[in-house]
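Hi,

Here is the structure I promised to pass on. My notes on what turned up in it follow below.

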Amino acid sequence: MKILVINGPNINMLGLREPALYGAKNFQALQQYILDSATRLGVTVEQFQSNHEGDIVEKIQAAYEQFHGILINPAAY
């Protein structure tokens with residue numbers, strides 16, 4: 001199974017932007033957690049992050065018939 005994980009605006013600021021509210025772990029830690037979880041589950045995962053709505057829409061459209069599913073963390077949306 002191949003899953004596309006899309007992270008939306010500002011999620012790349014994890015650990016930097018208001019850590020008292022959002023936590024001290026950074027975006028790289030989130031990405032590693034996703035990779036580790038996918039490995040444990042036997043799933044292939046591709047990750048994508050953008051602060052631009054158009055880039056996210058284009059990535060979703062390009063994923064058609066390339067992935068079994070898409071997981072979206074809309075973040076600031």
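Let me start with the salt bridges: the count comes to 1, taking a salt bridge as a side-chain nitrogen of Lys or Arg within 4 Å of a carboxyl oxygen of Asp or Glu. The partners are Glu46 and Lys59, whose side chains meet at 2.7 Å, N to O. Glu46 sits in strand β2 (residues 44–49) and Lys59 in helix α3 (residues 53–62), so the pair ties together parts that are 13 residues apart in sequence. Helices (H or I, at least four residues) and strands (E, at least two) are DSSP runs, numbered from the N terminus.

A word on the source: this is a predicted model, where local features need pLDDT of at least 70, side-chain atom pairs count only at pLDDT 80 or more, and totals for chains, interfaces and linings use all residues. Residues are numbered from 1 along each chain as its sequence is written, and side-chain values use heavy atoms, with hydrogens and water left out.

Both partners count as partly exposed, Glu46 at 28% relative accessibility and Lys59 at 22%. By contrast, Asn7 counts as buried at 2% (buried is under 20% relative accessible area, exposed over 50%, partly exposed in between; 1.4 Å probe, protein chains only).

Asn7 belongs to strand β1 (residues 2–7). Leaving aside neighbours within four places in sequence, Asn7 is in contact (heavy atoms within 4.5 Å) with Phe27, Leu30, Ile34, Phe48, Gln49, Ser50 and Asn73. Asn7 and Leu41 are 20 Å apart in space, C-alpha to C-alpha, and 34 residues apart in sequence.

Best wishes
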